[in-house]
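We will go from stop to stop, and each stop tells you what to select.

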Amino acid sequence: MSESKRTIELTIDGRKTSVPEGSTLLQACQGLAIDVPTFCWAENLTPVNVCRICVVELEGARTLVPACSRKAEAGMVVQTESERVKLSRKLVLELLGSSVDMSLASEFQALATKYDAHPERFGPRAPRAAPGEREAARAGHHYAEDGEHAANVAQPKKVDNELFVRDYAKCMLCYKCVEACGTDAQNTFAIAVAGRGFDARIATELEAPLPDSACVFCGNCVGVCPTGALMFKAESDVREKGEWDESRQTVTDTICPYCGVGCQLTLRVQANQILRVTSPADHSVTSGHLCIKGRFGWGFVQGKKP
Amino acid sequence: MDLEHLSQAPTDAETRAIDALLGPAAPDSHGAPVVHGPTPREARARRTFLLPALIALQERVGWISPGGLGYVCRRLGVPPAEAWGVATFYALLAVEERPAAFAHVCDDVACASRGAEELCSAMEARLGPCASSAHRAEPHAPRAGHAARWAKSPCLGLCDQAPAALVTVAGERPVEQAFGGATLARVEEALAGKRVAPASFALASLGPRRLLARAGDAKATTLDGYAALGGYRALERAFELGPEGVRKEVNASKLVGRGGAAFPTGRKWDAVARHVGKQRHVVCNADESEPGTFKDRVLLEQDPFAVLEAMTIAGFATGATKGWIYLRGEYPLAAERLASAITAARAAGKLGARIGGRDVAFDVALRRGAGAYICGEETALLASIEGFRGEPRTKPPFPVDVGLFGEPTAINNVETLVAALDVVRDGAASYASVGTAGSPGTKLFCLSGRVARPGVYEVPFGTPLSALVEFAGGVPGGKAITGVLLGGVAGTFVGPKRLDLALSFEAARAAGTTLGSGVVFVMDDSIELLPMLRRIAAFFRDESCGQCVPCRVGTVRQEELLARLARGAARGGLDVEKQLLAELGQAMRDASICGLGQTASSAIESAFVEFDSLGPLGRKRS
Ligand SMILES: Cc1cc2nc3c(=O)[nH]c(=O)nc-3n(C[C@H](O)[C@H](O)[C@H](O)COP(=O)(O)O)c2cc1C
Ligand code: SF4
Ligand code: SF4
Ligand code: SF4
Ligand code: FES
Ligand code: FES
């Protein structure tokens, strides 16, 4: 595959580099050990380039371009930390931070510090939406806010099954779960983006509870969610009790015992309880994706009845 | 695929409406798709009927019921969650039951300057609260919209006849009427299913009448009449020139797109023509939803064959055999005229497998939108035709290479196509006999707001803005113009000191503004700037597809900021707010995926610059 590929030369932050044709600017940056932040990108999913934290400045282009999906072209001259880039990243962080609970998104706080982002300058957060309120919003209509509070997606958790919870107050709409449920992994299409604009949300048909939808509870959406919006019920319960304590946790790699495929599992355990099961995104067998048994079928270890 | 939640049976009316569109379901299939294990091509071919099917339900029963949605999913093999995602994307599709007769009343900028507020108050007094405020009243009752019979609407493309309304009555024979001169009485008449007389409007040319040559002449809406007015001579000429010759002429004319981006049309056609051997498409972008824009509607309603002839020429020049018209859902009269023009053109051999008896194939499908400004953005438009949510994607690749169904596609605005007709028929040199060196030819402008004779005006490029406004009668009562919103809400304000601006692409660019979609919204001192800016901000917030962070959240923050200013509650002082707006604008411009986010702060930011001399916010508080 790669031997027939041409090599492309470009300049990033004043450094010349060459990458195989078809590489993204992100890959080119990674080759130079230049850090480009990402939220909606993942190595095991098709880039949707919606979060825009990865934007870089491309000489000659009218706008900034998303490094995660823009293909490298010969002769490109790219700046990854120009003033324009920094401003856009700062604003993306502020817009996310003021509208979504990003407290569990890894790196968010570090990036906010790095780019001097102050989400609070948009004002105090508006109160949490009532149950069903966000789902009732209709395309083309909204209630004009008075500007006193910053509108946000705070809303009650959706707890409709024993395996995982959906806390969309933490949803940054990165589309990863939709991709994992769709053609990138599961091909089940149980969830999609519904609504429009600020009222867009991840939903099943008619906002039905997951057990009434096409969901097969593979948990692949949970595995890719970057913000903790989708979370193992076990983990969510422990966190809600205020007992989450990483210093008391172990992380163990093992192979799923259920079938012959040989999926690698990573188990996060606290107080003898399995709180989270993942698989490495770069694992040759799973690409990070599992089935319901490998993901959730560990009740017997806990001595629970299945 | 689990369809459990949508297992409710459709009603007979719903089944019939869908079967009329898709053909009857196979017996005993419970409406499941006839094809099993569809190839990607077959799946794609069915998915493109998703939006037409949802519109069919809306027109038949007035909403998308769970039973109806489930039936559509089974017939088309579309996962219900995705169909729900599509149904909830469009403002004209209701996903909760409501009365069959429903009114959309425009409260956008042009109508607001001509009595929309009073009309909406009257509507509220007679018919109860607007559908969206019904949700607000009882957020705990998520399905509280039920009984509402009307809703406020963004621009309906009838600003020349403001205030405007769109009234739909669902049923076996649905009645859809969009009309200006709207009053409570006229809206109620339409809600009762009665025909409402059209309002009057101006059509005029300052210079040669080219784009409007046939508009206003009823003959042009029949094929024979169109031919008698010189129709189809351009197509004959195209056949003489050959595909390459046509493209050469279009390139030589320096014709650029009238949809807003001003991209050279000849280059676009060349790029598509290069894909020899592939299925290629021509798409006519008739989504015209930029507030203040109505020129394309006039062409589509009054000169439908010209649009078909021009598309055929574009198909011939690019090697495309499939044409698509994506018409905004709020244009029922244009839909009617186009549908009958397509039928007549097919019957006369002007569309089909052998056009004019030659070895040239081209046919046109008419697709209707359902209330989404973003679907005018070219990649969103393609997604919408394909049956997906109207979400734009980053470019490159451009549609000329990867377009409809992944195939090379030339997308052009209605006015661009009609202008190409003149170029091909009369030649590039003749076309350039008026206009400027950088912008040859003529251009349509949509005059609305505080102007004596609102309407569509054709003027040679280079005409001063002030001359155009004067030609349209100036401000009623001889009052002074306080400013113009030029190019649409994605354009900029032009303050009173700059009204001598020459209307050409190069002069606009040099002045830091844009002709955009040809909007000339005229203001006098009766227009309060801040409420207008808030309406513009609300529009972008409503119409953002929601995909990317800068636009999805940035448009909300922008609206909140203006709300604070309107209340005199600037946070940290006006300068801090201005800085915040500037940073928001910069990030939206730089980091948004598409032109909507990139221009969402354009008019608003320009207001602060253009109207600075009038006080901090353009109007002294009285
Ligand atoms: C938000 C948005 C809305 C648009 N709406 C329209 C429209 O309604 N009609 C149109 O012709 N172009 C519209 N455009 C521009 C199209 O993307 C595209 O550039 C145009 O159809 C190309 O045709 P042209 O080259 O003939 O102008 C829109 C662009 C954006 C970003
Ligand atoms: S658990 Fe699996 S099937 Fe269910 S929504 Fe998540 S990805 Fe889709
Ligand atoms: S739920 Fe998680 S994975 Fe899904 S869109 Fe929201 S943040 Fe992304
Ligand atoms: S800029 Fe706005 S409309 Fe365009 S893709 Fe982003 S969210 Fe959607
Ligand atoms: S990581 Fe590139 S846009 Fe999200
Ligand atoms: S029709 Fe109301 S503003 Fe255009």
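What follows is a tour of the two chains and their ligands.

**Before you start**

This is a predicted model, in which local features need pLDDT of at least 70, side-chain atom pairs count only at pLDDT 80 or more, and totals for chains, interfaces and linings use all residues. Residues are numbered from 1 along each chain as its sequence is written, chains are lettered from A and ligands numbered from 1 in the order in which they are written, and side-chain values use heavy atoms, with hydrogens and water left out.

**Stop 1: all of chain B**

Select chain B. Its C-alpha trace spans about 70 × 65 × 45 Å along the principal axes. Chain B holds 25 helices and 14 strands. Both are DSSP runs, numbered from the N terminus: helices are H or I with at least four residues, strands are E with at least two. Of its 622 residues, 62% count as buried. Buried means under 20% relative accessible area, exposed means over 50%, and partly exposed lies in between (1.4 Å probe, protein chains only).

How does the radius of gyration of chain B agree with that of a compact globule? A compact globule with 622 residues would have a value near 25 Å, and chain B has 24 Å, so the two agree. The radius is taken over C-alpha atoms, and the globule rule is 2.2 Å times the number of residues to the power 0.38.

**Stop 2: strand β14 of chain B**

Select residues 519–523 of chain B. This is strand β14, and 5 of its 5 residues are buried, so the rest of the structure largely encloses it. Now look at the side chains. B:Val519, B:Phe521 and B:Met523 point one way, while B:Val520 and B:Val522 point the other way. In a regular strand, side chains alternate between the two faces of the sheet.

Strand β10 (residues 442–449) of chain B runs parallel to β14(B), joined by 4 bridges. Find B:Gly449 opposite B:Val522. Strand β12 (residues 483–486) of chain B pairs with β14(B) in the antiparallel sense, also over 4 bridges. There, B:Gly483 is the bridge partner of B:Met523. Two strands pair if DSSP finds at least two bridges between them.

**Stop 3: the nonpolar cores**

Select A:Phe39, B:Tyr90 and B:Phe493. They touch the most other members of the largest nonpolar core, which has 215 residues. Helix α14 (residues 304–318) of chain B gives the largest share of this core, 10 residues. A second, separate core has 25 residues, including B:Tyr457 and B:Phe461. A nonpolar core is a set of buried Ala, Val, Leu, Ile, Met, Phe, Trp, Tyr and Cys residues joined through side-chain atoms within 4.5 Å.

**Stop 4: the sheet in chain A**

Move to chain A. Here 5 strands form an open sheet in the order β2-β1-β5-β3-β4, with mixed pairing. The edge strands are β2 (15–20) and β4 (65–66), each pairing on one side only. Inside the sheet, β3 (residues 55–58) and β5 (residues 77–79) of chain A run antiparallel, joined by 2 bridges. Select A:Leu58 and you will find A:Val78 opposite.

**Stop 5: around ligand 3**

Select ligand 3. It is surrounded by 14 residues, and the closest are A:Cys171, A:Cys174, A:Tyr175, A:Cys177 and A:Cys225. A residue counts as near if one of its heavy atoms lies within 4 Å. The shell divides into 12 nonpolar, 1 polar and 1 charged. Ala, Val, Leu, Ile, Met, Phe, Trp, Tyr, Cys and Pro count as nonpolar, Asp, Glu, Lys and Arg as charged, and the others, Gly among them, as polar.

Is A:Cys171 buried or exposed? A:Cys171 counts as buried, at 16% relative accessibility. Next, select A:Leu173, in the loop between β6 (164–166) and α5 (176–181) of chain A. Its phi is positive, about 55 degrees, although it is not a glycine.

**Stop 6: a cysteine check**

**Last stop: a cis bond**

Select B:Ala162 and B:Pro163. The peptide bond between them is cis, with omega near 0 degrees. B:Pro163 sits in the loop between β2 (150–153) and β3 (165–169) of chain B.
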